Every structure is written in structure tokens, then in C-alpha cells.
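Here is a friendly briefing on one structure. Have a look at the sequence and the coordinates first, then read on.

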Amino acid sequence: MAKSLVLVLCLVTLAFASTVVADDPKALQDFCVADKASAVNVNGFTCKNPKDITADDFVFHGLDKAGNTTNPQGSNVTQVFVAQFPGLNTFGISMARIDYAPWGLNPPHIHPRATEILVVLEGTLEVGFVTSAPDLKLFRKVLYKGDVFIFPIGLIHFQRNIGYGNAVALASLSSQAPGVVPIAASVFGSNPPISDDVLAKAFQVDKKIVDQIQAKF
């Protein structure tokens, strides 16, 4: 499993790198390892002093480890974004491992700055995304081990394990910092909260129902 995971990870990353969306800061040198200790505020991260860079700056460990899926959603996302892997800075690409318990869900969410390509390593997943208004069309598919699916940038999408065993997927994204906007948590768990009057009218339900849902977040 570990060797096959590494192989798939490398192949998907290299394939996806050629289709990176040019939204991230472009590299003007060979590399720009993020200096997360810098107090300079820029769009992205400042560069670490090249004299202080070592081979360790270009390595991330841990994608062979299963994430903890003991939570209400039954899923876990191990992010490999620039915040976790400073060596990605200015390269316009990142990755994630998603683990799913039986019937676990990676709930509907958006990546505002990235297209995502996902490959199933183990299990069977129901996946889908919804197009923008006015069509709001759902594109849904059941994926099996070895299948690949793409989620366009900025569109609501989800994955659900529809098998009785654990499932694992690997995703590559076209940004070093793709961002994650979870739909339910953003709407019902914002800080400060959105008025229950607003949500009750938007969802055309009683305010008591909105209050009950907000209490879960």
C-alpha cells in the first residue's frame, strides 16, 4: 500500500502540474521556500534565505498514515498545502489525502482558488459537483479504485464512501493555498452568526429549525 501510494502520488502530481491555473504568485527563481517566520505581509509568503535552505525543505512526510475518521462526518483530510509544506511556495500546486470511514462523508465544500483532481486509492466513492446558477446541474459519479475525477475551481463538490470498508483518496489542487469553504459550517457556523431571520427566509423553514442547526456548529 505504501509503495503504491507514493507511486500514484508522484504520477498525479506530475500530470496535474502541467495544468496549473495561473492564479498563484509565479516563481521568478528556481524556488522560493516559504519563510513562515517572516513578519512581512505579502500575497503568499516571502522567501526563506537560500543559504538556509536544505533538502528537508522539499520533503513532506506522513501521507502514508491514515487520518482519524472518528468524527460526525466520518472523514479526515490531511492537507499538504503551503502552510504545511513551505517548499510548495510559488509552485501553484498542493495535495491532500482524504480518509473515509464506512459511509463517511467529505461534506459539500468549495476551493475558491483551485481546481481539484482526485484519484481513488481504496474503496468506492460517490462524488459530485454542482454547476453555478441558473443551471445548478449536479454531475455525480460512482468511483472505484484507480478512478480519477475532476472538480472545477470554485464549484460545490463532495465525496462519500458508499462501501462497508474504509476508503482512501488522493487529491491534487492547482494552488499552493486552495482554500476550503465548507458550505454547512460557513452558513450555519459563521462568527458572528448569520441572522436566523436571514437563513429562515433563504431556506424557507421555521427559525426554530435554523436555531437547531446552528447549535450543532
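Histidine 111 sits in the loop that joins strand 3 (105-110) to strand 4 (116-122); strands are DSSP runs of E with at least two residues and helices are runs of H or I with at least four residues, both numbered from the N terminus. The model is a predicted one, where local features need pLDDT of at least 70, side-chain atom pairs count only at pLDDT 80 or more, and totals for chains, interfaces and linings use all residues. Residues are numbered from 1 along each chain as its sequence is written, and side-chain values use heavy atoms, with hydrogens and water left out.

**The annotated site**

- An unreviewed UniProt entry carries the annotation "binding site" for Asn106, His111 and Glu116; the positions follow the numbering used here, feature names are shortened, and annotations may be inferred rather than shown by experiment.
- With a relative accessible area of 7%, histidine 111 is buried (buried means under 20% relative accessible area, exposed over 50%, partly exposed in between, with a 1.4 Å probe and protein chains only).
- Leaving aside residues up to four places away in sequence, histidine 111 touches Glu116, Ile153, Gly154, His157, Leu173, Pro178, Gly179 and Val180 (contact means heavy atoms within 4.5 Å).
- The side chains of histidine 111 and histidine 109 make a polar contact at 3.5 Å (a pair of N or O atoms within 3.5 Å; within protein, one must be able to donate a hydrogen and the other to accept it, and residues adjacent in sequence count only if both atoms are side-chain atoms).
- Glutamate 116 belongs to strand 4 and is buried at 3% relative accessibility; its side chain makes a polar contact with the side chain of histidine 111 at 3.1 Å.

**Serine 94**

- Serine 94 is part of strand 2 and is buried, its relative accessible area being 1%.
- A polar atom of the serine 94 side chain lies 2.6 Å from the backbone oxygen of serine 175.
- Beyond four places in sequence, the residues that serine 94 touches include Val80, Phe81, Leu173 and Pro178.

**Aromatic rings**

- The count is eight aromatic pairs (rings of Phe, Tyr and Trp, the last by its six-membered ring, pair if their centres lie within 6.5 Å; planes under 30 degrees apart count as stacked, over 60 as edge-to-face and the rest as tilted).
- Phenylalanine 60 and phenylalanine 85 form a tilted pair, 5.9 Å centre to centre with 45° between the planes.
- Phenylalanine 60 is partly exposed at 28% relative accessibility, whereas phenylalanine 85 is buried at 13%.
- One aromatic cluster is formed by Phe129, Phe139, Phe149 and Phe151.
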